[in-house]
Structure formats: structure tokens, C-alpha cells
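Subject: Structure for your files

Hello,

Here is the structure, with the sequence alongside. Notes on what was found in it follow below.

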Amino acid sequence: MSSQAVDRTHLLATLQVQIPDDLLHLALTHRSWSYEHGGVATNERLEFLGDSILGQAVTVMLYNRYPDLGEGELAKRRASLVSTVALAGIGKTIGLGAYIHLGRGEVLTGGREKASILADTVEALIGATYLGLGGDTATALVLRLVEPLVADPNTFGESMDPKTALQETAASLGEDAPRYEIAESGPDHRKVFVATVSVGSRVTATGEGSSKKQAESVAAREAQRQLDAAASADTATATESAGPPAATRA
């Protein structure tokens, strides 16, 4: 289904803001759509604005919420909350991909699920909220979006450094260190990096980002997710094979 045909009412209800139609349309317009439709305006300027608002709102929230943490730890937590991985997760949670205006090429290559596109669009929506509804409303939106991450104990655990977590998991499985390969595309001022990571023959995962480090982190987190899912499946299979406890057997 074309994003043009999707009713945005549900998206606005999920965000709990009423972004003016013109700004909402702009926030959802990816550059690939612009290239195929005569160079119409894209969401890149709104993304730039939203990134700044996001960073400020998260910084103030962390400063007030964790009065005993030092600057270094606060910086790590902020980086985790404003990362492409975190923002893409927010985008997936709210079903954002269905609403983004993408060019045909991006649609055919899975653009509605790409981490960088989802993350950029979340920032653009924040920027549109600021312009259309003011700073207080935009800050409130940011806090609603990141609150589930703040409340999740895993956000500030190993997931802050997914590459280290994956390396430790690989070692626990008796595998060599994860191997990363990087591909890049796009103009110099707008590079897109795609990382592929493999853990022996157990799993291969990919991740995309605006830097090599970002792409590798996304790939590592996806590989970790797959390994965790496989471990859970193995545990369930073993439990079923063992049968019910002896006391309950006929």
C-alpha cells in the first residue's frame, strides 16, 4: 500500500499530538520520494531540527532523573537513548514505516524497515511538532517516546555496547570473535553504511547507519537478538523433550 493512501489519524493518536497537515506531510517525505517526484521538499531540515530538540530534552531529563550520576555515565545514557538503534526501535513500535513517503527503489529494498530511515523520520516528526505546536509539546513528545526505553533495564545494560555484548556471547558459545564487513553508498555528504556481522556459522545479520560504528552496532544488536531467540527455542525444545516432572507422570 502506498504511504499516500494511509490514514495518518492512527499515527497522530499514537504520538498524542496534532501536527499540522503540511508539516506532517513534510516530516514523512524521504529524499527518495523527492527524487522521483520533481525534487519536492524533504524531511531533512526537520530532521536536523528534531535532532537538536531530542538531544536537549533527553539531556535535561537524565540530569534531573539521575542526580547521583556523573557526566560520563549521563553521556553514555544519552547516547543510548538518541542512537539510531533506539530511534529506529521507537519507529517500529509505532508502525512508522507504513506512513513514510518513499521512492519505489527504497520500497523495493525494504526501506520501510531500515533503521536509518525510521530514526531520521522520528527526528523529523519531533521537529515538525516543535514548529507546529511549540517547544513544550515537542519536549513532551520526546519524553513519551523515550520513556519505555528509560524504564527498560536492558537499555542501560549491555545493550549500550552491543558489539561487546555480542563478542561475549560468541565467546560463551565457543566461537571466534564476530566478523564485520562494511559496504557504503551515497554521496560523501550523505553516506550510508551497511555492516554485515557473522558469528561462526550460527548467525549472520546486517545493520545500516550513517557511520561505520553505527551500522556495526545495529548489526551486532540484530545478531544478538537472533542468538537469544535461538537459545530460547533450544531451551523450549529441551523442556518439551524432557516431558513433565516425574511427580506428575501417569
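**Notes on the model**

R221 is found in helix α11 (residues 212-242); helices (H or I, at least four residues) and strands (E, at least two) are DSSP runs, numbered from the N terminus. This is a predicted model, in which local features need pLDDT of at least 70 and side-chain atom pairs count only at pLDDT 80 or more, while totals for chains, interfaces and linings use all residues. Residues are numbered from 1 along each chain as its sequence is written, and side-chain values use heavy atoms, with hydrogens and water left out.

R221 counts as partly exposed because its relative accessibility is 28% (buried means under 20% relative accessible area, exposed over 50%, partly exposed in between, with a 1.4 Å probe and protein chains only). From R221 to A165 the C-alpha distance is 8.5 Å, although the two are 56 residues apart in sequence.

**Chain**

The protein chain has 11 helices and 3 strands, in the order α-α-α-α-α-α-α-α-α-α-β-β-β-α. Of its 250 residues, 40% count as buried. Where contacts (heavy atoms within 4.5 Å) join residues at least 6 apart in sequence, 55% of them link residues at least 24 apart.

With 22 residues at 1.5 Å a residue, α4 should span 32 Å, and its end C-alpha atoms are 31 Å apart, which agrees (the expected span is 1.5 Å times one less than the number of residues). The buried residues of α4 are L46, E47, G50, I53, L54, G55, A57, V58, M61 and L62. They pack against α2 (21-27), α5 (71-81), α6, α8 and α9 (135-151).

Leaving aside residues up to four places away in sequence, L15 touches I94, L125, L141, R144 and L145.

**Cavity and pocket**

On a 1 Å grid over the protein atoms alone, a cavity is a set of points where a 1.4 Å probe fits but cannot get out, and a pocket is an open set with protein on both sides within 12 Å along at least five of seven lines; lining residues have an atom within 4 Å of a point. Points are joined across faces, edges and corners, and a volume is the space filled by probe spheres set on them.

The whole structure has 1 cavity of 30 Å³ or more. The largest cavity holds about 40 Å³ and is lined by H30, R31, N43, E44, E47, I117, D120, T121 and R190. Two or more of these lining residues come from each of α4 and α8.

The second largest pocket has a volume of about 560 Å³. Among its 28 lining residues, R31, D120, R190, K191 and V192 are the closest to its centre. Of the elements, α8 gives the most to the lining of this pocket, with 5 residues.

Regards
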